[in-house]
Amino acid sequence: MKLFSVIGITKSGKTTTIENIIRELRKRRYTVGSVKEIHFEAFAIDTPGSNTDRHRKAGSQLVTARGNYETDILYDRRLKLPEIMRHYDFDYVVLEGVTDTCAPKIITAHNTEEVDERLDGTVFAISGKLANSMREYKGLPVISAITECERLVDLVIEKVFERLPDVADECCSACGYTCTQLTERILAGKAAREDCRISDGRIALQIDGREIPIVPFVQKILYNAVTGVVKELDGYRENGEITVTIKGKL
Ligand code: SF4
C-alpha cells in the first residue's frame with residue numbers, strides 16, 4: 001500500500017488537489033482510500049446523548065453505527081496513523097493535512113513563504129494556488145491539480161513507494177536512518193524502499209492475514225524464542241522456513 005500526504009494551510013487547495021488526484025488514480029484503475037486530519041479541537045461525529053454515545057459512556061470500547069448507506073466505526077480516542085492503516089487495503093492512500101508521518105508529501109500553498117514553512121526532504125511536489133504563478137520552486141515541480149492533474153499523478157506514481165513502518169525514531173534504525181530520513185533518501189534517489197530492514201521478509205508476522213511491522217529488536221526475540229524451541233524437534237532444518245499459526249486462545 002502506497003501512502004502520501006497533501007499538506008498546507010486552510011484554503012490553499014488541499015482538498016481540490018486531493019479530489020483531482022483521487023479521480024485520476026481511480027481513472028487509472030488504482031484502488032484508493034483517504035484520511036482527512038481534522039484540526040478543529042472539539043471535532044466529533046458522534047453527538048452527546050445519541051444511542052452510540054450512550055454505548056460508549058456505558059463502557060463499550062469500540063462502537064459501530066451501521067446505517068443503510070454508511071457504516072461508521074467510532075473509536076473513543078485519536079488513533080496513530082499506523083493503527084488507522086490497519087483498516088486500509090488499497091493501492092494508494094491519500095492523507096489530507098497529516099503531518100506526523102514519514103510518508104512523501106505534496107505541499108499546497110498560496111505563496112513561497114507557506115512552502116518554506118513546511119518544506120523538508122519528504123516533499124516531492126508543490127501544488128495549490130501557487131501553481132497559477134510558478135512552475136518550479138527550489139528544484140521541486142509546482143503543478144496545478146486542476147489543469148495538469150495527469151502530470152501530477154504521473155509524479156505521484158513515480159515518487160510514492162510502498163509505505164514504511166513509520167516507527168518512532170528511538171524504536172529502530174536498522175537501515176542506518178530514521179523512517180523519515182530513509183524516505184528523504186529514497187525521494188532523493190540515494191536509497192531504495194528495500195533498504196528498510198523490517199520488511200526484508202526474513203521474520204514476518206501476520207495477524208488475520210495482515211502484515212504487522214516488527215522492529216528488529218522484536219524480530220530477534222521472536223527468532224530466538226521460535227528457533228530455540230523448534231530446533232529440538234524432529235524435522236528441524238537449519239535455515240528452513242518456519243511457519244507458526246496461532247488461532248484463538250489455548
Ligand atoms: S529499517 Fe525500516 S522501520 Fe527501521 S528505521 Fe529504517 S525505514 Fe524505519
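In this predicted model, strands β1 and β5 pair in the parallel sense, with five bridges between them. One of the residue pairs involved is Leu 3, whose bridge partner in β5 is Val 93. Strand β1 also runs parallel to β6, to which three bridges join it. Here Ile 7 stands opposite Ile 107 of β6.

Six of the six residues of β1 are buried. In a regular strand, side chains alternate between the two faces of the sheet. Both faces of β1 are covered, with Lys 2, Phe 4 and Val 6 buried on one side and Leu 3, Ser 5 and Ile 7 buried on the other.

In soluble globular proteins, nonpolar side chains tend to be buried together. The largest nonpolar core of this model holds 37 residues, and those with the most contacts inside it are Phe 4, Ile 21, Val 94, Ile 106, Ile 126 and Leu 152. Two or more residues each come from β1 (2-7), α1 (14-27), β5 (92-96), β6 (105-108), β7 (123-127), α5 and α6.

After α6 comes Gly 189, which has a positive phi, near 80°.

Most residues other than glycine have a negative phi. Lys 138, although not a glycine, has a positive phi of about 50°. Lys 138 sits in the loop between β8 (136-137) and β9 (140-141). With 11 other C-beta atoms within 10 Å, Lys 138 is exposed. Asp 166 is another residue other than glycine with a positive phi, in this case near 60°. The loop that holds Asp 166 lies between α5 (149-159) and α6. Asp 166 has 19 other C-beta atoms within 10 Å and is partly exposed, because a residue counts as buried if 20 or more such atoms lie within that distance, and as exposed if 12 or fewer do.

Notes. Residues are numbered from 1 along each chain as its sequence is written. This is a predicted model: local features need pLDDT of at least 70, side-chain atom pairs count only at pLDDT 80 or more; totals for chains, interfaces and linings use all residues. Helices (H or I, at least four residues) and strands (E, at least two) are DSSP runs, numbered from the N terminus. A nonpolar core is a set of buried Ala, Val, Leu, Ile, Met, Phe, Trp, Tyr and Cys residues joined through C-beta atoms within 7 Å. Two strands pair if DSSP finds at least two bridges between them.
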